Amino acid sequence: MVSPIDLNRLTPGFSDPVQDSRQTFRAILDAMSHPGKIVTMDNSFSPPAFLNLASAAVCLTLLDFETTLWTDLKSKSKGTDWLRFHCGCSIVQDSSEAVFALITHSDTMPTLNKFKTGNDESPESSTTLIIQTGGLSSTDGIRLTGPGIETFSTLKVEGLTKGFWQDRQSQFDMFPLGVDIIFTWENRLAALPRTTKVEG
Amino acid sequence: MPFNKNGYTKKQRQQWMSVLAKSSSQELEDAWQGISEKPDYRHLHKPETGSIMVRARAGGSDIRFNLGEMTATRCTIQIIKGHVGSAYVMGRDHRHAELAAIFDALLQDPLHHHKILNRVVSRLKVSYDKRKEEVSKKSAATKVDFFTMVRGE
């Protein structure tokens, strides 16, 4: 049974849906094709509680009635109501069924093998993770190499679980299977697609 | 019934939403101009046009089938410090959807409910009924009865 959305506590989404979602899509494309690059978005709207601007914008852009979403938000929270209303996506309880996953608390997130990694015939049928972090910077941190990176790039992600990078490494060994990740912080995002190699 | 706390039932809301959607845009505009204190509102969903699949049942009881797609416009607005109203209207008239959503929000508010119901919705209903009657009169005049002659053997 799907619970009704409480419309009275909703806030608006994009002020100009067509233009804003195009710009956000461009930003995601830029980040995905240059893993580790921190892309700043210039949308201005107020996201609901527990969502930062970047992950709210990514959700508005990528989710629709055909995509399923798993999230660590409570099922009757303002955030899930907002996502259901503006994106029209359906929320699933089982993370291994979700096309997208929105993680608002990166420090308590499930391990990556709890999500869909695709199969050999269609590795693209996997989960794309949107992880809200405590900070993103490219001054120091992990070293990334692979497609889209000329020599190497560095990315520091704050607030991840202790085992996250080890977990990511075991996913990398399963290539071409695996999940693609978008890290978000405030109005910034960086991507870590499955093709990128993490070198400690 | 989830809406009873506000003094109206789900069925009543369905009825006024239907009247608002079937009225003409101009009628709604006139009614809106007739309101002295217009409330401030913001859009949760700006009016957007898309197509929806109309489903039907043969004879009203068979299995549902897809009759065809039709163009519809939807809108959701929020009266500042008030209720949220929604509208789905036929066609691509954005202002129509917006006004229908505003009236839907006002009708949910006990402060405005009776006034809007009596001054706006009841008038729209009368004019809708009149239009409907005219159409059915016109089509009744062109009614053809089909019957089969039985050949005497």
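**Notes on a predicted two-chain model**

1. Where does Leu155(A) sit? You'll find Leu155(A) in strand S7 of chain A, which covers residues 153-158. Setting aside neighbours within four places in sequence, its contacts are Gly36(A), Ser138(A), Gly141(A), Ile142(A), Leu144(A) and Ala190(A). Ala191(A) is 36 residues away from Leu155(A) along the chain, yet their C-alpha atoms are separated by 9.9 Å.

2. Now zoom out to chain A. It has 4 helices and 10 strands, and from the N terminus the elements go α-β-α-β-α-β-β-β-β-β-α-β-β-β. Its radius of gyration is 16 Å, close to the 16 Å that the globule rule gives for 200 residues, so chain A is as compact as a globular protein of that length. Along the principal axes, its C-alpha trace spans about 50 × 35 × 30 Å.

3. How much of chain A is buried? Buried residues account for 40% of its 200 residues. As for how the chain touches itself, take the contacts with a separation of 6 or more: 68% of them join residues 24 or more positions apart.

4. On to the nonpolar core. The largest one has 72 residues, and Cys59(A), Ile130(A) and Phe183(A) have the most contacts inside it. Its largest share, 9 residues, comes from H3(B). As general background, nonpolar side chains in soluble globular proteins tend to be buried together.

5. Phe183(A) deserves a click of its own. Leaving out neighbours within four places in sequence, Phe183(A) is in contact with Ile131(A), Thr133(A), Leu136(A), Val157(A), Leu189(A), Ala190(A) and Leu192(A). Ala190(A) is also on the contact list of Leu155(A).

6. Next, helix H3 of chain B, residues 94-108. At 1.5 Å a residue, its 15 residues should span 21 Å, and the end C-alpha atoms are 22 Å apart, which agrees. H3(B) is mostly covered, with 13 of its 15 residues buried.

7. Last, the place where the chains meet.

Methods
Residues numbered from 1 in each chain as written. Chains lettered and ligands numbered in written order. Predicted model: local features only at pLDDT ≥ 70, side-chain atom pairs only at ≥ 80, totals over all residues. Helix = DSSP H or I, 4+ residues; strand = E, 2+ residues; numbered from the N terminus. Expected span 1.5 Å × (residues − 1). Buried ≥ 20, exposed ≤ 12 C-beta atoms within 10 Å, placed from the backbone. Contact = placed C-beta atoms within 7 Å. Rg over C-alpha atoms; globule rule 2.2 N^0.38 Å. Core = buried A, V, L, I, M, F, W, Y, C linked by C-beta atoms within 7 Å.
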